[in-house]
Amino acid sequence: MSKQKKSKVFYISHETKEKLRDIWKKSMEIQEEIAGTFSLSEEENNNGFLELILNETQCKGRKEDSYTVCGFDPTMDSEYTYHTHCVEVDENGWPQNYPNLISNEDMIGIVQDSHLNDGYLSNDNGKNIFDVLCCPVGIFIYYSKPAIIEHWKKCEDVINEKNYLKYMKWFNPKYKKPTDVSITEEIENVKKLIHTNKTKKNQFWATEENALMNSEFNKYIGSWYYDQKEIGIFPNEIKKKFSCLGYSKWFKKIPEDEVSETFSAADRANATWEDQYRWFTSNEFLKSRYHEEIKVYIKSMNIYGFGVEFFHWRELVTFRID
Ligand SMILES: [Zn+2]
């Protein structure tokens, strides 16, 4: 487990932000998530800020039935990452996702991959400090705070003297405890095996997701499976309150006669891809300021144990991580 010694102040230059915006626009056009990593400037600038430098390599998400997963290669595990949310539409052109929200899978991933997470179901290569989400309304920087990591660990299956052998036998059905090894060591060995074994023998390992499954935590957040059943904080708290995040204001003239100020936020969120694209790439949108609802959303996320910073596309991006 690694801990950051002192807080750092990061910044994203205007040029890098323009590039991120172009990547977001491209992702809108190709209807796929795009993800990548940053490296850090070696020197602090005059203000003591560290600059985030965009790395060349990118990867595209892969489409599942009704959602897109950003399938990072484990070698892409990195301290500073970004990914995009486009407005995803079905074959009839109707939106299917909540592009302005940090998704349920993002919330799970940021905890699983966190450099602070030493739970046995955490990502063995995980060293993530924060992820940058580029979405229609702007840039979210989000990360795990210790409280949510603790919750993750509480959700992991309890492995103890009564049941460790059951887990050990997944890997070796004929396993017998050696006499010279203590039970405490045995329990640690089982956890180590679960943490590192990426084969079908490991029943926590999901090849599809390329990750270990913490079912209780998935249920708590409301991963895709639980979301469908309306279980977890994502469907019950976040989606209910914030599904129209970023849609409260609307470009008055888009499209000329159809969408007007009289439309509700929900109508705007369900507007076609073309209308949304025009609105979110319009100068009028870029001129509009910080939305009050985003502040409320961030506060809620903080309560759940996630650190979140938000920047409108035209704002200067500087933020501090403790
Ligand atoms: Zn996402």
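**Exercise 1. In helix H8 (residues 233-242) of this predicted model, find which residues are buried.**

Solution. Start with the cut-offs. A residue is buried if 20 or more other C-beta atoms, placed from the backbone, lie within 10 Å of its own. Helices are DSSP runs (H or I) of at least four residues, numbered from the N terminus. In H8, Phe-234, Ile-238 and Lys-239 are buried. Next, look down the axis of H8: the buried residues fall within an arc of 90 degrees, so they line one face of the helix. That arc is taken from the directions from the helix axis to the C-beta atoms. Last, the cover: it includes helix H2 (104-112), helix H6 (215-221), helix H7 (224-228) and helix H12 (292-303).

Residues are numbered from 1 along each chain as its sequence is written. In this predicted model, local features need pLDDT of at least 70, side-chain atom pairs count only at pLDDT 80 or more, and totals for chains, interfaces and linings use all residues.

**Exercise 2. List the residues that Cys-134 touches, leaving out those up to four places away in sequence.**

Solution. Contact means C-beta atoms, placed from the backbone, within 7 Å. Cys-134 touches Leu-20, Ile-23, Trp-24, Tyr-82, Thr-84 and Ile-139.

**Exercise 3. Find where confidence is lowest and where it is highest.**

Solution. The protein averages 88. Strand S5 (residues 68-69) is lowest, at a mean of 48. A strand is a DSSP run (E) of at least two residues. Helix H3 (residues 146-155) is highest, at 98. Over residues 65-69, pLDDT stays under 50. Where pLDDT is low, the predicted coordinates should not be read in detail.

Methods. Contact = placed C-beta atoms within 7 Å. Buried ≥ 20, exposed ≤ 12 C-beta atoms within 10 Å, placed from the backbone. pLDDT = per-residue confidence, 0-100.
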